[in-house]
Every structure is written in C-alpha cells, then in structure tokens.
Amino acid sequence: VTTSLLGRSLLPLNFLKLRTEADLRYLLVRIRENAESIAFYGGEDVEGKEVSTRLRKVVDNKREINVKQRNLELFTTCYNYFVQIVPVAVVAPQYFAGSIQLGVISQSVGAFNHILNDLSVIVNDFEQLSSFSAGIERLSTFLTAMRDADPSRSSEDTLLALPAEFNATSIDDEPVKEEAEISNESIQLNLQKMPFTNGDNVLMQINQLRLNTPDRNRVLIDNLDLTIREGQHLLIVGSSGCGKSSLLRAIAGLWTAGSGSITRVTDDEVYFLPQRPYCALGSLKDQLLYPSTESLNADDYPDGHRLSRSHLLRQSLTDQDLLDVLDMVDLHELPYRFGDGDPIKGLNEVLDWGNTLSLGEQQRLAFGRLVVNKPRLVICDEATSALDVASEAKMYSLLRNMAQKDLKRGEDNKVALSPSGLTFISVGHRPSLLAYHDIKLRLNGGADYDVTQIEKQTVLPQSLTSNFM
C-alpha cells in the first residue's frame, strides 16, 4: 500500500515522458527534413526557441521522475533491509530459551525470504511496472487511433504486418567509386549594409561566379557576371538542371561549391521564398510572422546560443493588421474557417499548417510574410508554381506595388521620387512572369548564358511562349 501511494504519480509522469520525448524527436526530424527552407528563411532563432522549449519539458519531466523515484527507492531499500530482521526477531526468543538449534534460525530466514520475494514483486519492481504500464497505455491510444482511421481492418489483423505479396529483396552493393580530387575553392559571400537613397543602389553583384555540384565533378554555371540595382527585377529561366535553384542557394550562402564572389545586402534586408514554403509549428499568426519575432530573450535559448537579430519585427502589428494582410493575399477566409467564425480565434489556432493548407494557400501565405517583414530584396524560387495565372498576377502585383516609387517632398521642399521599397528576383518557367520583371537571365549550362532587357507590353503576345526559353 505504501509503495502504491509513493509511486502512484510515476505512471502519469512516465506517460508524459514518452510524450515529451516523442514531441522533441518529431521536431528534430521535422527540422532536419526542412533544414534548407529554414535556412532560406533565416528561421534559426524561432526553431531554436521551440527546440529549447521542448527540451526543457523533457528535462523538467525527468527531474520530477527522479524525485519520485528517490522517494520510492528510499522506502523500498529500507523495506528490503528491515525485513531481514523480522524472521530473526521472531525465532530468537526460542533459540535463547533452548527450544531450537542455531540452524533453525538460518532455515527460518531462508524460508521467509523465499516467500517474501514472491510477495514483494510490486514493491521491488514498481518502477519498471509503472514505465511498462505507461508504454502500454500510449500504445493503446495509438492502436485505438489506428482502428478509428481504418474501420475496415479486422480486430484480429496486426497493424504493421506487411502485405503477403511483399518480398524483401537484397540490394547488391554498388561498386565503390574512386574518389576524385576535390578542389578547396569556395564561393565568397559578402554582405553589405546599403543606405536607402534616391540613386540606383547596387543590391547584388556577382563576379566571376562558378557553380559546381557538391562533389565538384560537374560545372553548373561558369564565369557569370551580373549586377542588380535597386528597382531592377530579374527573372532567371533555363532548362531543368542548369543551375537556377543552385544559384539561389549560392546567393543565400547555402551553396559554397565553386569560386567567385557574391556581394549583396545583409540578411535582415533579404527574404527568400522557396517553391514549397515552410510552415512552422504554431498558430496562423505565427505563420505570418515567421521568421520574425517581436522580441528576443536570451533566457529562451540554451547557454552559448548565438542570437541572430536579422528578423526582429520592424513594426508592431495588431491582429487586425494581420487580418488585412491575409485579405491582401486572398486568404481572408482562413481565420474565419478555423476560428468557427471568429477571426481572432482563427489567428491563434494552432494546427499542422503544412498538412492543413494546400500548396497554393501556402504560397499565398508566403507572400503575406513579405508584407509583414518588408524586406528590401526578395528572391523567389518558383514561388507561384501552384497558383493559377490570375492569382499569380495578384501576388506579383502586390510585389510591384511594394516596389513602386512614390513622390515625396524632401527637407529642401523639393519633390522627388522615393527609393524603391523592394526588388525581387524570380526563378520560373511561365511566360506570364515576363510581364513583372525588367531583366531576364537565361542559363544554358556552363558559361553559356545571356542577360537581356525585357520589353514591357500591356498584353502578352502569343509568340511570347516560344521566345521564353
């Protein structure tokens, strides 16, 4: 009874242990699978905070278990030593009275211990039993969920049995390739803080860039020179495998195989839009703010963590501001749908948004992030591939409006154009993208590339499709 009272809390704690450890493993696997997208967004601080939070839950749970185990083991240890005295204390008076021999005491102790061990299973193994019970309970909930998801499955069928026609086949080992000589050259990435002026600032400059595959056995791009000024929107086209996405990775600093240099504005002024946006764990509001945060607290991170302040929010946004942003990207119904008619509740609803929203909705949500973060340079890797032409036009119109120069009066009371608010670089295949860009970079592989100015036309002609690639 005493053991049950002392160890009663171990069962829920062990159940919580399995849950917190599973949550932490899930997050770590999720980060590993989406590492490139997180690196593009610069979301290390947000993900690091979430990892720290879940790790802290695991540690706190382990501390509670240690306290309960200490109390339980203190009792069980005292119990095990105390019961050794009982048989001796019972037969000792008869021995001193001369009724029994000394050997009878040893026989009594042996018989008592044999019966005691059989009756003390719960006392001695309560800790292991509680862990086992917690695991069985968690497997039971998993089994129930599987049965609910597949009602047609017989209750006698095993859940993880392979189909009868499945046969495991052995895979022959691939021949070992001789290691090629690897060059130590790498791409140099220079980040510069550039002021906002009315002139034509150079936002990005590429000099003598050579891109190799990671094994450095193939040259994707060679001898590329390119300059992007403020307000010049670049479209990168080319056949599959020519190095378009690799060029974007090099601009982001994620691809170093090659040589040459890339000079661009600092990370806090650049925003990357991958083809499949990364949806972080959190609420719909968190998706819009990602990777920005309203504040950074060193206490939320482990000791030694280097805080990047590249994505601190530059402005304070209310819930109504975020609803307006969703309306700008044609997602005004989302907070109402997930908030049961209450948009504020929908903004704070926590779901697995990567599996809840369609790819088109995720891509529009990514454009909403641009409005929130207000970058200076945007780099899109087929960021509208899942959208129809009308939705694509609205998203790029939003970018063009953010890039538009306005008339303003300076300190000398003279009217002049304001600096461009945003410049964007896109990778895409659709001919309709030409209407939103000023320069086209066509990659043909290796040193074969050309840079041309895009002629602006009100209506895209039919012949544009044939001239696009």
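This is a predicted model: local features need pLDDT of at least 70, side-chain atom pairs count only at pLDDT 80 or more; totals for chains, interfaces and linings use all residues.

Cysteine 242 counts as buried because its relative accessibility is 4%, and the cut-off for buried is under 20%. Cysteine 380 falls under that cut-off as well, so it counts as buried at 0% relative accessibility.

**Cysteines and disulfides**
- A disulfide is a covalent bond that joins the sulfur atoms of two cysteines.
- With a pair of cysteine sulfur atoms required to lie within 2.5 Å, the count for this model comes to 0 disulfides.

**Confidence**
- The protein chain has a mean pLDDT of 78, and 74% of its residues reach 70 or more.
- Over residues 414–418, pLDDT stays under 50; the model has 17 contacts beyond four places in sequence for these residues.
- Residues 458–469 also have pLDDT that stays under 50, and for them the model has 20 contacts beyond four places in sequence.

**Fold and contacts**
- The protein chain contains 16 helices and 14 strands.
- Among contacts in the protein chain with a separation of 6 or more, 73% are accounted for by residues 24 or more positions apart.

**Burial and surface**
- Of the 469 residues in the protein chain, 39% are buried.
- The protein chain has an accessible surface of about 26700 Å², and carbon and sulfur atoms contribute 52% of that surface.

Terms used: Residues are numbered from 1 along each chain as its sequence is written. Side-chain values use heavy atoms; hydrogens and water are left out. Buried means under 20% relative accessible area, exposed over 50%, partly exposed in between (1.4 Å probe, protein chains only). pLDDT is the predictor's confidence in each residue, from 0 to 100. Contact means heavy atoms within 4.5 Å. Helices (H or I, at least four residues) and strands (E, at least two) are DSSP runs, numbered from the N terminus. Accessible areas come from the Shrake-Rupley method with a 1.4 Å probe; for residues, only the protein chains shown count as cover.
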